[in-house]
Amino acid sequence: MMVSNIKCPKCQAESFNRNGKTFSGKQRYICLVCDRQFVANSRVLNIKDRPDCPLCGKKMHVYIRKKDIIRFRCSNYPECKGFEKIPQKIG
């Protein structure tokens, strides 16, 4: 099966392997250049302005994305247990 028009969202490489499926059944890929895991044609938006942890001040990572909120967790987890919930703009 030949997959076309798929590029790594991080480095734009066209070298990747299939890497299982998501819980919803979509094909997951892993980039052979930068090791980024991704789903082709995903509608998930990138968060460019990640918040700072309220406890230690480091940048936070997206932990859970739901329809109406995004939950961030401290990038220093598990040493720092900081988290933050931000309402997601729909539409």
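How exposed is Asp52 in terms of relative accessibility? In this predicted model, local features require a pLDDT of at least 70 and side-chain atom pairs are counted only at pLDDT 80 or more, whereas totals for chains, interfaces and linings use all residues. Residues are numbered from 1 along each chain as its sequence is written, and side-chain values rest on heavy atoms, with hydrogens and water left out. Asp52 has a relative accessibility of 43% and counts as partly exposed, a class that lies between buried (under 20% relative accessible area) and exposed (over 50%), as computed with a 1.4 Å probe on protein chains only.

Asp52 takes part in a salt bridge with Lys59, in which the closest N and O atoms are 3.4 Å apart; the term denotes a side-chain nitrogen of Lys or Arg within 4 Å of a carboxyl oxygen of Asp or Glu. Lys59 is likewise partly exposed, its relative accessible area being 41%. By this rule, two salt bridges are counted, and another pairing is found between the side chains of Lys7 and Glu14, with an N to O distance of 3.9 Å. Of these residues, Lys7 is partly exposed at a relative accessible area of 43%, while Glu14 is exposed at 57%. In general, side chains of opposite charge can pair when their charged atoms come close.

The strands described next are DSSP runs (E, at least two residues), numbered from the N terminus. Three of them form an open sheet in the order S4-S5-S6, with antiparallel pairing, where two strands are taken to pair if DSSP finds at least two bridges between them. The edges of the sheet are S4 and strand S6 (83-87), each of which pairs on one side only. Neighbouring strands of this sheet are turned against each other by 30° on average, direction ignored, the axes being lines fitted to C-alpha atoms and the angles running from 0 to 180 degrees between N-to-C directions.

Between S4 and S5, which run antiparallel, there are five bridges, and Val62 has Phe72 in S5 as its bridge partner. A hairpin of three connecting residues leads from S4 to S5. Asp68 is placed in the loop between strand S4 (60-65) and strand S5 (69-74), and with a relative accessibility of 47% Asp68 counts as partly exposed. Although Asp68 and Gln88 are 20 residues apart in sequence, their C-alpha atoms are 5.1 Å apart in space.

Conventions: Helices (H or I, at least four residues) and strands (E, at least two) are DSSP runs, numbered from the N terminus.
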